[in-house]
Amino acid sequence: MQKPFLIVLIIAILGALAINFVAPELNAAVAFFVGAIIASAVFTLQGQTSSSSDNASSVEQYTGPTMTLYVGNLPYRVHEGEVKELFGKYGPVNSVRLVRDRKTGRRKGFGFIEMSEAGAKKAMSKLNEYEFQERTLKVREAKSQDSDKSEKPAAS
């Protein structure tokens, strides 16, 4: 089952109990039906307002010079949206990639943020050593994979 359906079902049951408590002369099936209608209407209206605000923020993509930041010591429970919101205070964020373990799928506690160059420099200075959800962040400019390969000595 999907989460929205379960939420509407739970709210409908609670609504039916409340309606049955307030008006015991109503049939339980009628009370459940009224609770389901009210719950689905509220859930639909709430979903429309949040999706319209999500669409407005996801449409605008920064096209100027960008920089990729490495962010370490992230809380394991953090989500991309929370990180995007934190870094978005300093400039437009194009993408957030939180690294996961291949076997378990759990987050590893670090990630990469691509954002405007000016915003990235400001975020580096403000958010390095910043306490976020009880963890002290480490924010650096990300190294490209190409530079890592060229720095390693050749094996003989």
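Q: A salt bridge is a side-chain nitrogen of Lys or Arg lying within 4 Å of a carboxyl oxygen of Asp or Glu. In this predicted model, why do E117 and K121 count as such a pair?
A: The closest N and O atoms of E117 and K121 are 3.6 Å apart. The cut-off is 4 Å, so the pair qualifies as a salt bridge. Both residues lie in helix α4, four residues apart, which is about one turn of the helix.

Q: How many salt bridges does a search of the whole structure find?
A: The search finds three. One of them joins E80 and R107, with the closest N and O atoms 3.7 Å apart. This pair links distant parts of the chain, since E80 is in helix α3 and R107 in strand β3, 27 residues apart. Another is formed by the side chains of K138 and E129, at 2.8 Å from N to O. Both distances fall within 4 Å, so both pairs meet the criterion.

Q: Why is R107 called buried?
A: Buried means under 20% relative accessible area. R107 is at 16%, so it is buried.

Q: What other polar partners does the side chain of R107 have?
A: The side chain of R107 reaches the backbone oxygen of V78 at 3.1 Å. A polar contact of 3.3 Å also joins the side chains of R107 and H79. The limit for a polar contact is 3.5 Å, so the R107 and H79 pair is inside it. Leaving out residues up to four places away in sequence, R107 touches Y76, V78, H79, E80, L98, V99 and R100.

Q: How do you know whether N94 is buried or exposed?
A: The relative accessible area of N94 is 12%. That is under 20%, so N94 is buried. N94 lies in strand β2, and beyond four places in sequence it touches Q61, Y62, T66, E114 and M115.

Q: What makes up the largest nonpolar core?
A: The core has 19 residues, and L69, L74, V83, F87, I113 and M115 touch the most other members. The elements giving two or more residues to this core are β1 (66-72), α3 (80-88), β2 (93-100), β3 (107-116) and α4 (117-127). In soluble globular proteins, nonpolar side chains tend to be buried together.

Q: Which residues form the nonpolar patch on the surface?
A: They are F5, L6, L9, I10, I13, L14, L17 and F32, with about 720 Å² of accessible area together. Helix α1 (residues 3-22) gives the largest share, seven residues.

Q: Why does L14 count as exposed?
A: Exposed means over 50% relative accessible area. L14, in helix α1, is at 52% and so counts as exposed. F21, which is also found in helix α1, has 73% and is therefore exposed.

Q: What share of the 156 residues of the chain counts as buried?
A: The share is 23%. The chain has five helices and six strands, which run α-α-β-α-β-β-α-β-β-β-α from the N terminus on.

Note on methods:
Residues are numbered from 1 along each chain as its sequence is written. This is a predicted model: local features need pLDDT of at least 70, side-chain atom pairs count only at pLDDT 80 or more; totals for chains, interfaces and linings use all residues. Side-chain values use heavy atoms; hydrogens and water are left out. A nonpolar core is a set of buried Ala, Val, Leu, Ile, Met, Phe, Trp, Tyr and Cys residues joined through side-chain atoms within 4.5 Å. Buried means under 20% relative accessible area, exposed over 50%, partly exposed in between (1.4 Å probe, protein chains only). Patches are made of residues with over 30% relative accessible area and no salt bridge: like charges are joined within 9 Å, nonpolar side chains (Val, Leu, Ile, Met, Phe, Trp, Tyr) within 5 Å. Accessible areas come from the Shrake-Rupley method with a 1.4 Å probe; for residues, only the protein chains shown count as cover. A polar contact is a pair of N or O atoms within 3.5 Å; within protein, one must be able to donate a hydrogen and the other to accept it, and residues adjacent in sequence count only if both atoms are side-chain atoms. Contact means heavy atoms within 4.5 Å.
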